[in-house]
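Hi everyone, thanks for making time for this one. Please have the sequence and the structure open while I talk.

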Amino acid sequence: MNLLDGKKCAESLIADIAKKVAGYVDSGLRKPHMTIILVGKHAPSESYVKSKITTSTLAGFDSNLIRFPETVKEAELLAKIQEINEDQTTDGVIVQLPLPKHINQQHIINAISPDKDIDGFHPTNFGRMTLGQKAFRPATAYGICKLLQFYEVPIKGKHCVVIGRSNIVGKPISIMLSNDFDIGNATVTLTHIETPRELLLDETRRGDIVIVAVGIPGFVTEDMVKEGVVLIDVGINRLENGKIVGDVAFDQVAPKCSWITPVPGGVGRMTVTALMINTLVAYQNNFNLA
Ligand SMILES: Nc1nc(=O)c2c([nH]1)NC[C@@H]1CN(c3ccc(C(=O)N[C@@H](CCC(=O)O)C(=O)O)cc3)C=[N+]21
């Protein structure tokens, strides 16, 4: 069993970014700048945002955090996004999800300029990603690809089984791995909540690579995967005792895996890293730097 160490990979990729940024700053340019919008007080979001800000500093970026109360009106958020879209001193914007129920998430995402959409959630970027055009790719899916690449895990020709069809993870990673460019060329099965249990098991038991993003602790058990599987655990579940676990029963499943991601220290770290890669690209686009 080998660990797909998201912390180690992240540190290496962030160091590469920091080196490039230092070069740009030496040549007289301003630093890349990331803006985060956070609505309300949601404990996990506070922790994710902290992680993004800390990492952006390590990458050599400037950042600012804009907070709104839980009761903010959709129109106020839209106005702020418009202002950021037009602000030449910021390269990328993240509206931390989830948003309160009274706000239409899609309205907010659609309002972000595709050029500043470092989350890769805007329909323009999602469409471009799907079609194989230049695009900001959804950060978690992109981070998983970067992690597999870093450890030189073969993807081409493999059977990949994705569990969960969310717009932010399951759907984009399925598309990216099945595409005929980048890291793709896998054969992908996308399973979800309506997949009958027997069919799910048939698929996961023969999958070379299994990616799980369902948000249920212990969802993937030892009997569900084959010997030598590559297992990517996207889950982040907070137990009552405060411990963070993924969607995989790690202790029983890990011995069967050729590669497995830990939680924490796996995909979560790579999500943040992918956001930094996207921010750097947004900045390079702004200044016409190759
Ligand atoms: N607009 C938007 N963009 C996002 O990228 C976004 C979002 N909304 N909403 C929630 C998810 C989740 N997410 C994570 C960020 C950091 C860690 C992370 O740093 N995890 C560490 C530590 C986890 C901890 O200790 O809390 C780890 O897994 O090792 C994980 C997950 C970004 N998301």
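This is a predicted model: local features need pLDDT of at least 70, side-chain atom pairs count only at pLDDT 80 or more; totals for chains, interfaces and linings use all residues.

**A walk through the model**

Although Asn-288 is not a glycine, its phi is positive, about 50 degrees. Is Asn-288 buried or exposed? Asn-288 has 6 C-beta neighbours inside 10 Å, so it counts as exposed.

There is another asparagine to look at, Asn-185, with a positive phi near 70 degrees. You'll find Asn-185 in the loop between helix 7 (170–178) and strand 6 (187–191). Asn-185 counts as partly exposed because 15 C-beta neighbours lie inside 10 Å of it.

Now let's step back to the domains. The domain assignment gives domain 1 (27–113) and domain 2 (139–268). Taken over C-alpha atoms, the centres of domain 1 and domain 2 are separated by 28 Å. From the UniProt record, an unreviewed entry, we get the feature "domain: Tetrahydrofolate dehydrogenase/cyclohydrolase catalytic" at residues 4–119. In the model, residues 4–119 are 49% helix and 16% strand, and the end C-alpha atoms of that stretch are 23 Å apart.

Next, please find the open sheet of three strands, with order 3-2-4 and parallel pairing. Strand 3 (62–68) and strand 4 are at the edges with a single partner strand each, so one side of each has no neighbour in the sheet. On average, and ignoring direction, neighbouring strands here are turned by 15 degrees against each other. Strand 2 (residues 33–39) runs parallel to strand 3, and seven bridges join them. If you'd like a pair to click on, Ile-36 has Leu-65 in strand 3 as its bridge partner.

Let's move to strand 8. How many of the five residues of strand 8 (residues 229–233) are buried? Five of the five are, so strand 8 is largely enclosed by the rest of the structure. As a reminder, side chains in a regular strand alternate between the two faces of the sheet. In strand 8 both faces are covered, with Val-229, Leu-231 and Asp-233 buried on one side and Val-230 and Ile-232 buried on the other.

Which strands pair with strand 8? Strand 7 (residues 209–212) pairs with strand 8 in the parallel sense over four bridges, and Val-212 has Asp-233 as its bridge partner. Strand 11 (residues 257–260) also runs parallel to strand 8, joined by three bridges. There, Leu-231 stands opposite Ile-260 in strand 11.

Where does the ligand lie? Domain 1 and domain 2 both give residues to the shell around the ligand, so it lies between them. There are 18 residues around the ligand, and Tyr-48, Ser-51, Leu-97, Pro-264 and Gly-268 come nearest. By type, the shell has 10 nonpolar, six polar and two charged residues. Helix 2 (43–58), strand 4 (92–95) and helix 10 (267–286) supply at least two shell residues each. Helix 10 gives the most, with four.

The bond from Leu-97 to Pro-98 is cis, with omega near 0 degrees, and Pro-98 is in the loop between strand 4 and helix 4 (105–111). The bond from Val-263 to Pro-264 is cis too, with omega near -5 degrees. Pro-264 lies in the loop between strand 11 and helix 10.

Key: Residues are numbered from 1 along each chain as its sequence is written. A residue is buried if 20 or more other C-beta atoms lie within 10 Å of its own, exposed if 12 or fewer, and partly exposed in between; C-beta atoms are placed from the backbone. Two strands pair if DSSP finds at least two bridges between them. A residue is near a molecule or strand if its C-beta atom, placed from the backbone, lies within 6 Å of it. Ala, Val, Leu, Ile, Met, Phe, Trp, Tyr, Cys and Pro count as nonpolar, Asp, Glu, Lys and Arg as charged, and the others, Gly among them, as polar. Domain bounds come from an automatic or database domain assignment. UniProt positions are given in the numbering used here, feature names are shortened, and annotations may be inferred rather than shown by experiment. Axes are lines fitted to C-alpha atoms, for helices over the stretch in contact, and angles run from 0 to 180 degrees between N-to-C directions.
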